[in-house]
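Hi,

Here is the structure I promised to send over. Have a look at it first, and then read on for my notes.

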Amino acid sequence: MRFNRGRLLRAALPVAVGVLFLLGWEAFVRIAEMPVYILPGPLRIASSLWEDWDTLSDSLVVTLSITFAALAGASLVGGGLAVLFAQSKWIEASLFPYAVILQVTPIVAIAPLILIYVRNTEVALVICAWIVAFFPILSNTTLGLNATDPNFLDLMQLYKAKRWQVLWYLRAPGAMPYFLGGVKIAGGLSLIGSVVAELTAGTATAGTGLAYRILESSYRLDIPRMYAGVVLLSVTGVVIFAGLSALSWVVLHRWHESSARREH
Amino acid sequence: MPWRTVWGNVFLPLRIAGMARAEAEPRIADALARVGLVGFERAYPRQLSGGMKMRVSIARALVTQPSLLLMDEPFAALDEITRARLNNDLLGVFQAQRLTIGFVTHSVFESVFLSDRILVMAARPGRVVADIAVDVPYPRDEAFRTSETFIHYCRIVSDALKQMTGDQDAL
């Protein structure tokens, strides 16, 4: 019972804080008679979300497709490169610094360059988001592949396992928790990456993603819609994170301590 | 390996050797039966106790039907009761499969109970300092563990160990 009450509180408290915050916000806007173009109240934002749902949802779909394309690409290339790195220290030594360089160079600085060379804006945006997202996957998976228990490696040698068998039966499953941890981080990053890239692309292109909508609303001084766009973005981020956490649980809960429930 | 079930772990060496699932099935069942793990096929290692994990390792080693098994302090981390039970089971496996087992241990009692030949080793440089034959026929059971002969051999091995450490102190 006590356990249940704890869980209930855990869920109820943040909700209560959120509700209080929104009530306070709404009250403040009304009492101070804030003009809508400076600070709209939550109700006004909600109604904007409702009224502009058609445009906003179209933009959301665009942003989501960029995000997921980038995430998928990052998982493939990040995971693939990590496997390649695990095969040879020399490959790792020669390529890893460039992965770091790609990671530390701010995406806002690279995005305009990419937009010049890649004709198709959508592809350019995916590339930008991908650059931001792939490094945590690469770095985590490399760590996981190298963290293999040496006793198991000896065992594999005893079984006369071939290189790919060591990878497939030992290294890859062992690196799975690390890989999924990387994907979880990359999920949020690819959303951020796609938004940043879209903002950089700005009105120069025929962008229709959420970031572009926010930008456009700011030019029109449609502040409630700006807020609505931001709300949509953060909800999307939370949903992506929750989805990836669930995926990680499904894959790992049977054997990995991170997501297994203690039974004893 | 923690991500494979008990069954999957025992299947692994055969799988790597390229054996089909159907062909491996009876051999895995046999190996699991030998170590007393029937009914735990679908369990994951984290659900097992230390002794049971060790049994899985033994089953994984037996499934390839080796003629030689090297065991390096396999039961060192286990409690006395589990250890005794695994010793009994190991002797059972030994008799059924007729294989040679090289067994490293720090326990005098374990060495006498299991072996027909005990090599006492000294460190730096690593070398054999005594070669003791335990002339007791198998099968050995619980009665042997408390018998006069058992104690007799334990004393011989202990003396050999004592002599070895004495020599080293003198150096």
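Helix 8 of chain A (residues 163-201) and helix 10 of chain A (residues 223-252) pack at an angle of about 165°, with their axes 10 Å apart. Angles over 145 degrees count as roughly antiparallel, so helix 8 and helix 10 of chain A are roughly antiparallel to each other. Helix 8 of chain A passes helix 10 of chain A in a right-handed crossing. Please keep in mind that this is a predicted model.

Which residues meet where helix 8 and helix 10 of chain A touch? Helix 8 brings, among others, Met176(A), Pro177(A), Leu180(A), Gly187(A) and Gly188(A), while helix 10 brings residues including Leu233(A), Gly237(A), Ile240(A), Phe241(A) and Leu244(A). By class, this contact between the two helices has 12 nonpolar, six polar and one charged residues.

Helix 8 of chain A turns up again where chain A meets chain B. Nine residues from chain A and eight residues from chain B make up that contact. On the side of chain A, helix 8 supplies the largest share, three residues. The chain A side divides into seven nonpolar residues, one polar and one charged.

Now for the domains. Chain A is divided into domain 1 (1-28 + 41-50) and domain 2 (52-252), and their C-alpha centres lie 31 Å apart. The contact between them takes five residues from domain 1 and eight residues from domain 2 of chain A. On the domain 1 side, three are nonpolar, one is polar and one is charged.

Best wishes

Note on methods
Residues numbered from 1 in each chain as written. Chains lettered and ligands numbered in written order. Predicted model: local features only at pLDDT ≥ 70, side-chain atom pairs only at ≥ 80, totals over all residues. Contact = placed C-beta atoms within 7 Å. Helix = DSSP H or I, 4+ residues; strand = E, 2+ residues; numbered from the N terminus. Nonpolar A, V, L, I, M, F, W, Y, C, P; charged D, E, K, R; others polar. Axes fitted to C-alpha atoms, helices over the stretch in contact; angles between N-to-C directions. Parallel < 35°, antiparallel > 145°, perpendicular 65-115°, else oblique. Left-handed = near helix turned anticlockwise from the far one by under 90°. Domains from an automatic or database assignment.
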